[in-house]
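Colleague: Could you walk me through this model, a few questions at a time?

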Amino acid sequence: MKIDKFKLRRMMLQLKEPFQTSFGTQQDREFFIVEAYSGDDVGYGECVVNSRPLYSEETVKTAWHIAEDFLIPAIFEKGEIHHPDEVSELFAPYRRNNMAKSSVEGAIWDLYAKKNKVTLAEALGGDKKEIDVGISIGIQESTEKLIQTVGKYVDEGYKRIKIKIKPGTDVEVLRAVRETYPEIAMMADGNSAYTLDDIETLKQLDNLNLTMIEQPLAHDDIIDHASLQKEIKTPVCLDESIHSLDDVKKAVSLGSCEIINIKIGRVGGLTEAKKIHDYCEGHGIPVWCGGMLESGIGRAHNIALTTLSNFKLPGDTAASSRYWSEDIISPEVTVEDGVIHVPDKPGIGYEPVEELLDRYTLEVKEFRPEPVRA
Ligand SMILES: O=C(O)CCC(=O)c1ccccc1C(=O)O
Ligand SMILES: [Mg+2]
């Protein structure tokens with residue numbers, strides 16, 4: 001297939017409630033959408049970056065720049081694309097900038113699936129018809145509020161409750177939740193806020209029967225996480241530290257984790273995500289799909305990826321209504337009894353609604369191949 005045109009849309013949605021992690025509080029969700037046009041088909045990708053470089057080094061501005069000045073021109077220069085796997089090879093000479101790469105690659109994956117009249121899940125090789133979902137709860141103003149919030153999502157059927165922690169808002173708070181809900185699958189996400197100096201705190205968390213503890217130590221570390229994993233029985237799960245299959249191989253061989261959170265944006269796209277999935281499957285490491293407070297478009301990509309067999313643990317891909325009063329896709333993503341039914345329409349399987357896209361768009365830019373001069 002040949003891409004006739006790309007459209008980038010910078011967008012802003014408002015979260016229903018602020019989302020607090022150890023690195024800050026978020027209420028506005030600024031991001032951009034990539035649209036890849038070919039003949040009568042349009043593929044959609046989402047760039048899951050944030051306005052500020054807190055979770056990763058990329059921002060909306062840097063990712064837009066990389067997409068506009070390097071990635072889109074590389075696609076036009078190549079001309080014909082036979083399979084989306086070629087895209088990550090094409091982007092490989094450009095270092096990092098994984099969320100930018102993933103957004104363009106994602107639009108091409110959706111386009112490819114639509115052209116071949118298969119679902120994105122099928123194009124990736126996934127065959128689950130429904131996927132299990134959990135929920136990620138931000139740091140709350142009080143323990144009472146947290147217990148109430150956990151209760152609400154347990155009642156809604158979410159299969160695993162993840163709670164954000166930071167130094168000072170951790171052991172006591174989680175112990176209170178555990179006492180209230182002795183049986184739930186519960187885990188903690190430290191978002192890199194701890195060091196090995198906090199080992200006593202981390203050992204106390206080890207007594208709370210947590211499904212796992214996600215990225216407690218530095219965002220770029222796999223050495224200290226290996227030391228930590230030796231000290232605790234709770235599985236360590238890596239998020240921020242994993243950007244590629246190579247990172248996974250090193251973390252697995254060092255024993256830095258027993259579980260991996262795969263985020264499509266963080267690892268540079270669906271092709272790399274699938275490679276990581278396959279490698280982990282072969283090495284007895286279960287994976288799950290992380291979230292970046294995506295709009296419906298990124299959410300749809302997460303759902304398709306999660307249909308692969310080694311996504312053995314519930315992911316963070318919750319219902320649209322958990323984040324937005326109005327999502328930009330039709331139908332919205334809904335969760336029933338803790339599962340999402342995987343759509344059966346070609347591509348991402350949810351239709352972005354033009355009117356809603358326009359309503360929340362701040363800036364649009366279109367790109368076409370340079371005309372060939374005679
Ligand atoms: O509900 C979601 O999309 C996941 C929320 C979440 O945990 C998160 C959101 C933004 C940045 C980082 C993370 C994380 O997994 O660490
Ligand atoms: Mg995380």
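This is a predicted model: local features need pLDDT of at least 70, side-chain atom pairs count only at pLDDT 80 or more; totals for chains, interfaces and linings use all residues.

Colleague: Which residues surround ligand 1?

Modeller: Happy to start there. By class, the shell holds four nonpolar, four polar and three charged residues. The residues around ligand 1 are Y55, S136, D189, N191, D239, G290, G291, M292, L293, D316 and A318.

Colleague: Are helices α5 and α6 parallel, perpendicular or oblique to each other?

Modeller: Let's take the geometry step by step. Helix α5 covers residues 143-156, helix α6 covers residues 171-180, and their axes come within 10 Å. The axes cross at roughly 45 degrees, and because angles under 35 degrees count as roughly parallel and 65 to 115 as roughly perpendicular, α5 is oblique to α6.

Colleague: And what is the handedness of the crossing of α1 and α3?

Modeller: Good one to look at on screen. Helix α1 (residues 60-78) packs on helix α3 (residues 98-115) at an angle of about 50 degrees, with the axes 9 Å apart. As for the way α1 passes α3, the crossing is right-handed.

Colleague: How many nonpolar residues does the contact of α1 with α3 have?

Modeller: From α1 come A63, I66, A67, L71, I72 and I75, while α3 brings M99, A100, K101, S103 and V104. One residue of this contact is polar and one is charged. The nonpolar count is nine.

Colleague: Which domain does UniProt place at residues 143-235?

Modeller: In the model, residues 143-235 are 43% helix and 11% strand, with the end C-alpha atoms 25 Å apart. The UniProt entry, an unreviewed one, names the domain "Mandelate racemase/muconate lactonizing enzyme C-terminal".

Definitions and conventions:
Residues are numbered from 1 along each chain as its sequence is written. Chains are lettered from A and ligands numbered from 1 in the order in which they are written. A residue is near a molecule or strand if its C-beta atom, placed from the backbone, lies within 6 Å of it. Ala, Val, Leu, Ile, Met, Phe, Trp, Tyr, Cys and Pro count as nonpolar, Asp, Glu, Lys and Arg as charged, and the others, Gly among them, as polar. Axes are lines fitted to C-alpha atoms, for helices over the stretch in contact, and angles run from 0 to 180 degrees between N-to-C directions. Helices (H or I, at least four residues) and strands (E, at least two) are DSSP runs, numbered from the N terminus. Angles under 35 degrees count as roughly parallel, over 145 as roughly antiparallel, 65 to 115 as roughly perpendicular and the rest as oblique. UniProt positions are given in the numbering used here, feature names are shortened, and annotations may be inferred rather than shown by experiment. A crossing is left-handed if the near helix is turned anticlockwise from the far one by less than a right angle, and right-handed if clockwise. Two residues are in contact if their C-beta atoms, placed from the backbone, lie within 7 Å.
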